[in-house]
Amino acid sequence: MNEQQQTLWGFMREQSDKLLSQTLEHIGLTFISLIIAVLIGLPLGILIARRQRLSGPVLGVAGILQTIPSIALLGFMIPVLGIGPKPAIAALFIYALLPIIRNTYTGIVGVDTAIVEAATAMGMSKRQRLLKVELPLAMPVILAGIRTATVINVGVATLASYIAAGGLGEFIFGGISLNNTNMILAGAIPAALLAIIFDFLLSRLQRINIKKIKTATAASTLLLLLASFYFIPSAYGGKLTAGFTPEFMGRQDGNLGLRSVYGLKIHTIVISDAVMYKAAYQKALDVISGYSTDGRLKAFNLIVLKDDKNIFPPYYAAPIVRDDALKHFSQLEKTLNLLSGHINDSVMTELNYRTDYLHQTPERVAKDFLVTQGLYKPSRNGHSGTVRIGSKIFGEQYILANMYSMLIKGNTNYDVLIKSGLGGTLICFNAINNNQIDFYPEYTGTGLLAILQPDAKTVTRLTTNKDSTYNFVKTEFEKRYHISWLKPIGFNNSYALMMRQKQSDDLRVKTITDLKNYLDRK
Amino acid sequence: MIKVSQLSKHFGAVKAVDDISFEVREGETLALLGTSGCGKTTTLKMLNRLIEPSAGVIEVNGQNILQQQPESLRRNIGYVLQNTGLFPHYTIEENIAVVPQLQGWGKTKTDTRACELMEKLHLSPDLLSAYPHQLSGGQQQRVGLARALAANPPILLMDEPFGALDNVTRTKIQAEFKQLDELTRKTIIMVTHDVQEAFDLADRICLMDQGRIMQLGTPADLLFKPTSTFVKEFLAGQQLQLEFKTTNVNNLWGLLPEAPALSAAFMPKGTSVWALMDILKHQPAISFQKNKQVKTINFEQLMSAFYQYRKGDNNHE
């Protein structure tokens with residue numbers, strides 16, 4: 001436990017620059033959106049307190065906006081506002097709006113009618129009544145609304161890192177992807193502290209006598225100051241902008257390798273995998289970190305930059321089979337190897353594109369492909385034993401599982417059972433290791449890094465070459481688990497840097513070294 | 001001073017105030033008396049346009065108030081609310097200073113005025129920096145009155161001003177109210193459901209029911225010359241006490257025996273029979289003087305004169 005705290009502290013010290021800039025971004029995001037929400041919510045609350053007829057519709061709409069899940073809301077914002085701070089601030093603004101409108105309305109409506117009548121009878125105009133009586137008396141309730149909004153915003157602002165708006169979410173989501181507890185805590189603890197501190201400060205403000213204009217002025221100056229934090233760290237730019245996933249940012253076979261091996265210095269923002277490809281297509285980003293066989297590569301007309309210094313370990317796909325299954329089903333090895341050599345990167349990308357973007361079923365995609373390759377044979381409806389195929393929970397694996405199913409049914413007398421949707425690597429591997437399935441398609445890089453986990457030196461030595469990686473995992477799996485790696489299918493689904501086809505042509509950037517040289521040229 | 005003609009206020013189908021007309025003379029105190037829902041408060045609030053009339057004309061000093069700016073109209077009409085309506089976030093001093101500030105008075109003038117009012121209303125100057133919730137109900141009501149009087153408006157409207165107070169406090173403040181010189185020059189319209197209060201404080205009473213005026217006249221008019229059975233019945237429960245309060249030595253002068261004074265102290269002749277009865281509990285006789293004529297009476301003589309006066313249907317005025 002003590003050691004854990006030490007390392008967390010160590011991590012935070014080591015990353016103190018990043019931590020500071022992320023915290024400032026976080027504060028900035030929270031308060032810019034809060035200021036806008038106050039500027040719009042307060043007058044709106046006053047308006048609906050005056051015209052009660054409008055209160056139902058206005059509060060209704062604000063309430064509906066509040067119920068939109070935050071990730072979805074950020075997603076909606078991208079087509080309109082792109083990526084970066086703008087959509088994040090817009091989304092945070094929408095979340096802050098309801099508590100502010102509702103509390104302003106409730107606060108003003110809740111002022112004792114006798115006091116309002118007295119103010120009117122003293123000869124105050126509507127404006128004087130609002131400023132001198134209604135707002136000051138409603139202020140504790142309004143401030144409570146602003147407090148709620150602030151705490152909500154501090155929380156939701158962590159999601160801003162999904163759309164490249166920065167903030168402490170970069171550590172939190174990076175940490176989750178990398179399974180790095182220290183990184184998660186380095187983001188989560190400051191975020192929680194911010195929420196507590198702001199809540200406390202605002203509660204103090206609530207107790208101060210609000211009609212004293214000095215404190216009000218001081219408070220708004222403070223707000224503006226906090227809001228401006230956001231712009232301090234983002235006051236740098238560059239020729240090209242890269243968008244990397246939080247996971248990629250923290251990996252040696254990711255951004256760290258790009259810096260140390262290539263010396264690549266590029267203006268980088270952190271963004272989620274879900275919106276990254278589209279952002280590149282919309283020219284919000286120039287370079288992104290993706291997977292080399294992702295269907296979106298084709299959908300958005302992106303090309304992969306060649307990894308000429310081999311920092312991305314090879315992720316060649318091959319079926320891995322239990323040894324006793326190979327013995328039991330004598331025809332199996334030969335049948336599974338039929339697919340080998342038929343699918344390269346671009347073919348796999350095309351197939352993924354058809355399931356992910358054209359929404360064709362994996363069965364249909366698999367069958368069409370086998371037919372064009374002349375591999376398809378109608379099912380023999382055999383009954384001499386059932387082969388159990390596993391697949392992880394994404395499109396590419398579904399397609400492969402279906403192809404193998406058709407090949408087995410067409411070429412042998414075995415029956416097939418597909419167990420698809422086995423969460424992640426570890427679930428799939430445990431299933432095969434415990435004789436729940438007979439085989440599934442695995443990637444060499446995954447087998448090496450996620451399952452075998454050799455020391456760093458071995459990894460560096462192996463990953464520069466696809467054959468050495470393959471041979472290593474083949475030998476080790478056989479030795480440790482009695483599982484065989486059959487022939488690689490042919491494609492490599494690894495990390496890759498990507499650019500728009502046209503920009504790549506225009507700049508003549510085809511490899512990562514080209515990219516570095518282009519950036520260094522200034 | 002104030003002239004109301006054919007004034008009506010309808011809330012949907014309900015006629016809260018139904019075609020009423022009356023006048024209030026300068027310096028007079030008029031009580032709008034009636035049960036809940038009789039339209040008295042609605043009438044009051046139309047006078048400073050807190051409620052806009054459905055029909056009719058209200059003139060103050062010959063000017064139609066419906067054609068004036070409501071804000072400037074209200075700044076020249078004091079207003080006292082039942083529940084004080086003091087601003088809880090303002091100190092007592094700031095509360096009193098509201099209307100003077102709206103009228104653009106200087107700070108010194110406003111401060112002087114606030115101190116003056118505090119003294120007149122028997123409030124300690126220490127309270128100026130206190131907040132309303134720190135004051136007792138009676139003190140709050142006095143501050144409410146001070147706020148209404150601050151800018152010295154010629155007209156004062158009061159909506160059940162003593163309604164929220166306990167009996168002891170109410171009696172005390174009512175007594176102070178009567179003696180307050182600030183108020184003697186003012187035209188006052190006061191809403192009350194309390195018959196005693198109306199008779200104690202008002203020069204004339206406007207008895208209302210279901211949005212209409214049942215009778216408008218002096219307390220004596222209502223008591224001794226009721227125009228309808230409604231008026232008679234409304235006062236029936238407290239008839240005798242009201243008569244004691246309404247009748248004074250002037251009314252009884254002809255019926256009192258002439259006798260030399262016991263001492264040089266003479267009571268004012270406006271003193272009510274009710275007050276005299278109270279005094280005569282403690283001393284044997286009281287003397288009065290009118291045009292060198294001196295009359296001295298004891299309790300029995302007072303009572304006998306009062307009963308003769310009543311029997312003669314108060315034609316001796």
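How many cavities of 30 Å³ or more does a search of the whole structure find? The search finds five. The legends below describe close-up views of a predicted model.

**View 1. The lining of the largest cavity is made by residues of chain A.** The volume of this cavity is about 60 Å³. Its lining consists of A:K18, A:Q22, A:E170, A:F171, A:G174, A:M183, A:P246, A:M249 and A:V270. Three helices of chain A, namely α2 (16-50), α8 (169-178) and α11 (246-249), each supply at least two of the lining residues. The most comes from α8(A), which gives three residues. Sorted by class, five lining residues are nonpolar, two are polar and two are charged.

**View 2. B:T192 is a buried residue of chain B.** The residue belongs to strand β8, which covers residues 187-192 of chain B. The relative accessible area of B:T192 is 1%, and the residue counts as buried because this value is under 20%. Its side chain reaches the backbone nitrogen of B:D194 at 2.9 Å. A polar contact at 3.1 Å joins the side chain of B:T192 to the side chain of B:E197. When neighbours within four places in sequence are left aside, B:T192 is in contact with B:L32, B:L33, B:G34, B:K40, B:E160, B:E197 and B:A198. B:D159 is 33 residues away from B:T192 along the chain, and the C-alpha atoms of the two are separated by 7.1 Å.

View 3. Over all chains, the count of disulfides is zero. B:C38 takes part in none, and the nearest cysteine sulfur to its own, that of B:C206, is 8.8 Å away.

**View 4. A:S504 is a buried helix residue of chain A.** The helix is α24, residues 501-507. Is A:S504 buried or exposed? With a relative accessible area of 0%, A:S504 is buried. Not counting residues up to four places away in sequence, A:S504 touches A:I303, A:M499, A:V509 and A:K510.

**View 5. A:N301 has a positive phi in a loop of chain A.** The phi of A:N301 is about 55°, although the residue is not a glycine. The loop runs between α14 (295-299) and β4 (302-305). A:N301 counts as partly exposed, at 48% relative accessibility.

**View 6. B:R49 has a positive phi in a loop of chain B.** The phi here is about 60°, and B:R49 is not a glycine. The loop that holds B:R49 lies between α1 (40-47) and β4 (55-60) of chain B. Is B:R49 buried or exposed? At 11% relative accessibility, B:R49 counts as buried.

Conventions:
Residues numbered from 1 in each chain as written. Chains lettered and ligands numbered in written order. Predicted model: local features only at pLDDT ≥ 70, side-chain atom pairs only at ≥ 80, totals over all residues. Heavy atoms only, no water. Helix = DSSP H or I, 4+ residues; strand = E, 2+ residues; numbered from the N terminus. Buried < 20%, exposed > 50% of the residue type's maximum accessible area, 1.4 Å probe, protein only. Contact = heavy atoms within 4.5 Å. Polar contact = N/O pair within 3.5 Å; in protein donor to acceptor, adjacent residues only side chain to side chain. 1 Å grid on protein atoms, 1.4 Å probe; cavity = no way out; pocket = protein on both sides within 12 Å on 5 of 7 lines; lining within 4 Å. Points joined across faces, edges and corners; volume = space filled by probe spheres on them. Nonpolar A, V, L, I, M, F, W, Y, C, P; charged D, E, K, R; others polar. Disulfide = S-S within 2.5 Å.
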